[in-house]
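This report describes the core, the charged pair and the surface of one model. Please look at the sequence and the structure before reading on.

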Amino acid sequence: MSWLDLVLVTVVAAVTALGAHRRLAGLFVGVGGVLLLRPLLVLAQANPFLALLAALLAGLGLSLLGRRLFQQNRGALVLTRALGGLGGLALGLALMLSLVTSLPIQRNPANPSELFYPPRNLPAPIASAVLDSRLVVLGRDILFYPLLAKQGEAQVGPERLMNGLHRLLVVGEPWNEPL
C-alpha cells in the first residue's frame, strides 16, 4: 500500500460525501456519470480534447438537470442522503478505476512482446508509489484481463466482474497498439 492508494481512496470518499450532500441530485449525477463513462472513453480514443469538452458539458448538464429535477426538500433526509451517497460512491469508484487502468503501457525494448504495467520509467517519487499501489495492481488486472484469463493468471475478483470492468473501462486492446 502506498500514498497513492490513500489519495485514490480519499477521492472516492470525497465524491461519495459530495453525492450524499446533494442527495437525489447526487444519485442522478453519479449514475449519469457512470453511464456516460464508456462513451466518453470511446470519444477520447478519437479526440481527447473533444472528450474533455464533452465530459465538462455533460457534467454541467447533469448537475443542472439534477438540481432542477430534485429540488432540495426536507422529506426523508436520511434516505435521500444515502441514495446520493450511493450515486457518489458509484461515480467515485468509476473515476478511481479509470485512473488506475489508464497509465501508459511500457514495452521491453529487447523483447517487444513483454509489457510492463505500471511502466517502470516513471519519475522516482511517483514510481515507488505506483509500484507499491494495490489499486494499480487491480487496474493492471482489469486492463489485461483478457490476456491474464487466457494464461490462467487472473488473480483478482470473480470472472464476470472483472470482464465487466474491463469492457467498461478499456477501449480496444491497448497492448496491441503501437507505442
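The largest nonpolar core has 24 residues, and among these Leu-97 and Phe-144 touch the most other members. Such a core is a set of buried Ala, Val, Leu, Ile, Met, Phe, Trp, Tyr and Cys residues joined through side-chain atoms within 4.5 Å. Elements that give two or more residues to this core include helix H1 (3-22), helix H4 (77-100) and helix H8 (159-169); helices here are DSSP runs (H or I) of at least four residues, numbered from the N terminus. Beyond its neighbours within four places in sequence, Phe-144 is in contact with Ile-105, Leu-115, Tyr-117 and Trp-175 (contact: heavy atoms within 4.5 Å).

This is a predicted model, in which local features need pLDDT of at least 70 and side-chain atom pairs pLDDT 80 or more, while totals for chains, interfaces and linings use all residues. Residues are numbered from 1 along each chain as its sequence is written, and side-chain values use heavy atoms, without hydrogens and water.

The whole structure holds one salt bridge, defined as a side-chain nitrogen of Lys or Arg within 4 Å of a carboxyl oxygen of Asp or Glu. Arg-140 and Asp-141 form this pair, at 2.7 Å from N to O.

| Residue | Relative accessible area | Class |
|---|---|---|
| Arg-140 | 24% | partly exposed |
| Asp-141 | 3% | buried |
| Trp-3 | 47% | partly exposed |

Notes
Buried means under 20% relative accessible area, exposed over 50%, partly exposed in between (1.4 Å probe, protein chains only).
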